[in-house]
Each structure stands twice: as structure tokens, then as C-alpha cells.
Amino acid sequence: MKVERLTPIEYTDLILPQGYSVSEESLWLFTEEENSFRSEVRALFGKEIVPMTQQFEKNNVFPRKALQLIAKKGYLRYPFPKKWGGLNEGNGVTKDFIISEELASISPVTSTARVATMLCGIPICRFGSDYQKEKFLKPLLLGEKIGAIVITEPNAGSDTARMQTIAIREEKHFILNGEKRFITNGGEAEVNSTFAITDRSVHPHKGMSCFVVEKDMEGFEIVEHYDLLGMRGARNGYLRFRNMKVPAENLVGMENLGFRVLLDELDIERTVIAGEAIGHARRAYEIALEYSLLRVQFHQPISEFEAVSFKIAEMHTKIEAARLLALKAARLVDADRSASMEAAEAKMFATNMSVEVCNEALQILGGIGYTTKFPVEQYYRDARMMKIAGGTTEIQTYLIARELIRDAKKKRKEWNQTEPF
Ligand SMILES: Cc1cc2nc3c(=O)[nH]c(=O)nc-3n(C[C@H](O)[C@H](O)[C@H](O)COP(=O)(O)OP(=O)(O)OC[C@H]3O[C@@H](n4cnc5c(N)ncnc54)[C@H](O)[C@@H]3O)c2cc1C
């Protein structure tokens with residue numbers, strides 16, 4: 001007669017080496033060098049970041065130390081050119097996507113703080129002056145300063161054109177007034193790539209500018225930090241700027257061309273968020289798979305029930321599909337090609353997938369999944385953010401549809417002018 005376990009399964013009973021579920025075949029389309037990079041990143045995060053994660057989750061500690069450590073190892077530098085302290089060798093976004101997946105699988109909150117810092121650097125790198133790159137970008141990439149990307153406002157979420165924050169030029173500086181909310185790292189970040197209207201007489205797309213706002217400038221106010229559903233340890237800030245004197249030398253790119261600056265970072269942002277979503281899903285999936293092998297009901301491991309094993313099959317397939325979509329977007333961005341649709345597809349699919357997979361993982365754990373004994377409930381909460389930040393699922397879907405329909409109409413027009421076939 002079989003002896004069945006009487007004590008409940010503990011999280012520590014699971015054997016879950018980092019990257020437990022990622023096979024060589026899963027990574028077939030990455031280069032050998034990228035795969036050894038992934039192994040290096042995974043090993044470092046496993047050794048250095050894993051021991052810190054309880055502080056973030058249980059004590060709401062902001063992961064500044066983790067970020068500094070990551071930056072010291074160079075893991076904020078890949079999308080940036082060598083001239084400005086970066087490490088891009090043609091596949092910088094692909095590498096950043098790898099970092100995102102690996103870090104998010106271990107510490108979602110550290111990952112989101114890292115991505116916000118990296119994104120803060122993108123406008124400065126692509127449009128900023130040499131002075132700005134020296135003063136702001138280099139310290140960001142070295143982990144000496146933390147960054148934030150500051151766009152959303154109480155009345156301007158998906159519709160960024162409704163932005164009301166205003167910057168009025170006065171000789172050698174701008175006077176900045178306005179409010180921004182939901183800002184990742186908001187209030188912690190010393191460097192804030194901030195968008196504001198500089199010409200109210202035209203459409204915001206033609207009257208927006210980007211500035212580096214420093215936390216220690218007079219008039220910078222942290223109104224509150226939001227209490228979030230997930231991402232414990234994150235600082236998500238509501239900021240107010242009151243008559244802030246921002247030096248003209250902090251204007252990033254040309255005055256009134258800020259909307260271009262804003263659009264420019266989105267492909268990287270969406271690709272990298274897709275990476276994070278894959279990391280969240282992957283960890284929840286791994287825990288559920290391992291648990292299903294140990295948990296016995298009706299005298300057999302629950303993995304033997306078709307209802308459970310089919311969930312596992314679908315979860316894995318979706319994770320793999322998301323990684324392929326995101327890799328395609330990353331490769332396009334690295335090749336300096338337009339990837340607005342592909343990055344939107346990657347983000348839409350990966351973030352939907354991630355919430356679904358975390359939800360199914362929780363279901364596989366049954367009642368214990370709904371407790372904090374296993375971190376699946378945490379990944380479920382953390383993953384949920386990604387369907388909102390960086391442009392909602394609905395906005396990604398709209399963008400994809402717009403591109404497809406525009407393209408189909410164009411083709412139709414061209415075909416109408418040629419012989420029918
Ligand atoms: C945890 C977190 C971190 C964030 N970090 C940052 C950050 O670092 N920097 C920053 O600037 N912002 C950040 N954001 C803000 C985020 O980008 C916005 O929340 C998001 O763009 C949506 O804006 P909103 O919240 O105002 O929602 P709204 O725009 O008001 O949307 C509400 C609902 O309406 C839907 N909707 C709106 N317009 C359309 C449309 N045209 N078609 C179909 N549906 C539509 C949306 O999809 C959504 O479901 C963060 C948000 C969160 C939650």
C-alpha cells in the first residue's frame with residue numbers, strides 16, 4: 001500500500017533552480033553568446049538578488065541596493081552606445097530583454113525599478129546634449145542615480161496629448177508647473193525625464209517638450225506614494241511641480257519636439273515589459289509544475305489529471321509564444337527598424353499571457369495558492385501591473401489594429417491599380 005504524505009507541501013519542498021523550465025530548445029533562436037549571457041545574468045541574480053527579495057515583499061523596502069548592484073555589473077547599459085558608457089554591440093535591446101525576463105522572474109519590483117531607470121536614460125541618450133549625457137546619463141548607467149520616466153497625469157493617461165503640465169520659457173530657464181501620477185521610482189529618482197507642454201497655441205503633438213527634472217530642484221514635491229495591489233517595495237509617486245525653475249540646458253532635444261522623443265522610447269519600453277511579463281509567468285508556471293508533481297489527490301499526483309496537465313501544456317506554450325514575439329520585436333529595434341506594431345503585439349500578448357498563466361498557476365495550487373505560503377499570489381499581483389503600465393492592453397490592441405487596417409487599405413489601393421490575379 002502506498003504511503004501518502006501527511007504534512008502539507010512547503011515552498012521549500014520544491015526543487016526550483018533558476019530557469020527551471022527554460023530548455024535549450026526554448027532559446028534556440030538566441031545566439032550562443034546571448035545564451036551564455038543569460039546564464040551569467042541568471043547566476044548573478046540568483047546569488048545576489050534572491051536573498052534580498054523578502055525585504056522588498058515583506059518590509060516594503062525600495063530595491064535601491066539591488067539596483068546599484070545590477071548597475072555595477074553593467075546590466076543597465078546594454079541599450080546604450082559605448083561612447084556614453086553603454087555596452088551595445090548591435091543586440092543591446094535583445095540583451096536588455098533577456099535581463100528583464102531573468103530579473104522579473106526573481107524580483108518583479110527590482111525589475112520594474114531597473115526598467116524605469118533605463119527608460120529615463122533613453123531620451124537623454126537619443127536626443128540629449130553632451131552635457132546632459134555626462135551629467136545625467138552616465139550616473140544613471142553606473143547606478144549612482146536612479147531614474148524615472150514622467151509622462152502620466154491625473155487628466156492624461158492613455159491620451160498623453162491631454163497633458164496639462166506646462167513649461168514656460170523665461171530667458172535661460174523654463175518655469176514648470178503641473179502634476180504627474182503613477183510614476184515608477186517617483187520620489188526616489190534623482191533624474192526624471194519629464195514631458196510638458198511648451199506651446200499651448202498648437203496641438204500638443206507639436207507643442208510638447210522633454211526636460212530633465214532633478215529631484216533636488218526647488219518646487220519638486222512628492223504628494224504621495226500609492227499603495228499598490230502588487231510590486232511591494234516599489235515607489236509609485238504622485239508628483240507636483242510648483243514654479244520650478246528648470247535650466248534651459250535641461251531641455252532634452254528641441255523645444256516643442258517632445259512628442260517625437262516620447263514616441264521614440266516606446267518600442268524599447270514595450271519590448272522590455274514583454275520580457276518582464278514572461279519572467280513573471282515563467283516563475284509562476286515553474287512553481288505550479290513542480291507543485292503538481294508533489295501534490296497527491298485521489299492517490300495520484302495532480303499532474304496526472306488531464307485538467308491539470310493540459311493547463312501546464314497551455315501555460316508553457318503561451319510563455320514560449322510570447323518569448324518568440326518579444327524576441328522578434330527586440331531584433332527589429334536592435335536593427336533600428338520600426339517595430340511599433342511588433343512591440344505592441346509583444347506587449348499585448350505577453351502581458352495578457354502572464355496574467356492568465358499566473359492565474360492558472362494559482363489554480364493548480366488550489367487553496368494554498370491563495371495564501372502567501374507560496375509566491376504565486378505575489379506574481380499574480382505583480383503581473384497585473386503590466387497590462388496597464390507602458391500603455392494599456394486596449395491601447396496596444398488599438399495600435400495593432402490601426403497598423404493592420406492602414407496597411408491593408410494601402411495594399412488594396414496598390415492592387416486596384418495593377419492587373420487582378
Ligand atoms: C504600477 C504602474 C506604474 C506606472 N509607471 C508609470 C511611469 O513610470 N511613468 C508614467 O508616466 N506612467 C506610468 N504609469 C501610468 C500608465 O502608463 C497609465 O496608467 C496608463 O497609460 C493608463 O492611463 P490611465 O491610468 O490614466 O487610464 P485611462 O487612460 O484613463 O484608461 C482607463 C481605461 O480606459 C481604456 N481606454 C482609454 N483610452 C482608450 C481607447 N482609445 N480605446 C480603448 N480603451 C481605452 C484603458 O485601456 C483603460 O482600460 C504607471 C501605471 C501603473 C499602474
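Analyst: A pocket here is an open set of grid points with protein on both sides within 12 Å along at least five of seven lines, and its volume is the space filled by probe spheres set on the points. The model is predicted.

User: What is the volume of the second largest pocket, and which helix supplies the largest share of its lining?

Analyst: The second largest pocket has a volume of about 500 Å³. Its lining counts 24 residues, and those closest to the centre are Tyr11, Thr53, Gln54, Pro375 and Gln378. At least two lining residues come from each of helix 2, helix 4, helix 5 and helix 10 (376–384). The largest share, five residues, is supplied by helix 2.

User: How far apart are the end C-alpha atoms of helix 1, and how far apart are those of helix 8?

Analyst: Helix 1 covers residues 32–49, and its 18 residues should span 26 Å at 1.5 Å a residue; the end C-alpha atoms agree with this at 25 Å apart. For helix 8, the 29 residues should span 42 Å, and this also agrees, since its end C-alpha atoms are 42 Å apart.

User: Which residues of helix 1 are buried?

Analyst: Buried means a relative accessible area under 20%. What covers the buried residues of helix 1 includes helix 2 (53–59), helix 3 (64–72), helix 4 (92–106), helix 5 (108–127), helix 7 (258–294) and helix 8 (306–334). The buried residues themselves are Glu34, Phe37, Arg38, Val41, Arg42, Leu44, Phe45 and Ile49.

User: Is Glu34 buried or exposed, and which residues does Glu34 touch beyond four places in sequence?

Analyst: Glu34 lies in helix 1. Its relative accessible area is 1%, so Glu34 is buried. Not counting residues up to four places away in sequence, Glu34 touches Asn91, Thr94, Ile98 and Arg331.

User: How many aromatic pairs does the structure hold, and what is the geometry of the pair formed by Phe45 and Tyr75?

Analyst: The structure holds twelve aromatic pairs. In one of them, Phe45 and Tyr75 have planes at 85° and centres 5.7 Å apart, which is edge-to-face.

User: Why does the pair of Phe45 and Tyr75 tie together separate parts of the sequence?

Analyst: Phe45 lies in helix 1 while Tyr75 is in the loop between helix 3 and helix 4, so their pair ties together parts 30 residues apart in sequence. Both Phe45 and Tyr75 are buried. Ring pairs also link Phe45 and Tyr75 into a cluster with Phe37 and Tyr78.

User: What is the geometry of the pair formed by Phe174 and Phe211, and how many residues apart in sequence are the parts it ties together?

Analyst: Phe174 and Phe211 pair edge-to-face, 4.8 Å centre to centre with 65° between the planes. Phe174 lies in strand 3 (residues 173–184) and Phe211 in strand 5 (residues 208–214), so the parts tied together are 37 residues apart in sequence. Phe174 counts as buried at 0% relative accessibility, and Phe211 is buried with a relative accessible area of 1%.

User: Over which ring does Arg38 lie, and over which ring does the charged end of Lys95 sit?

Analyst: A distance within 6 Å of the ring centre is one condition for a charge over a ring. Arg38, at 5.1 Å from the ring centre, lies over the face of Phe30. The charged end of Lys95 is 4.9 Å from the centre of its ring, that of Phe37.

User: Which residues does Val213 touch beyond four places in sequence, and how far is Val213 from Asn256 in space?

Analyst: Val213 is in strand 5 and is buried, with a relative accessible area of 0%. Leaving out residues up to four places away in sequence, Val213 touches Leu176, Glu190, Val191, Asn192, Thr194, Phe220, Phe241, Met244 and Val246. Val213 and Asn256 are 43 residues apart in sequence, and their C-alpha atoms are 17 Å apart in space.

Technical notes
Residues are numbered from 1 along each chain as its sequence is written. This is a predicted model: local features need pLDDT of at least 70, side-chain atom pairs count only at pLDDT 80 or more; totals for chains, interfaces and linings use all residues. Side-chain values use heavy atoms; hydrogens and water are left out. Helices (H or I, at least four residues) and strands (E, at least two) are DSSP runs, numbered from the N terminus. The expected span of a helix is 1.5 Å times one less than its number of residues. Buried means under 20% relative accessible area, exposed over 50%, partly exposed in between (1.4 Å probe, protein chains only). Contact means heavy atoms within 4.5 Å. Rings of Phe, Tyr and Trp (its six-membered ring) pair if their centres lie within 6.5 Å; planes under 30 degrees apart count as stacked, over 60 as edge-to-face and the rest as tilted. A charge sits over a ring if NZ of Lys or CZ of Arg is within 6 Å of the ring centre and within 35 degrees of the ring normal. On a 1 Å grid over the protein atoms alone, a cavity is a set of points where a 1.4 Å probe fits but cannot get out, and a pocket is an open set with protein on both sides within 12 Å along at least five of seven lines; lining residues have an atom within 4 Å of a point.
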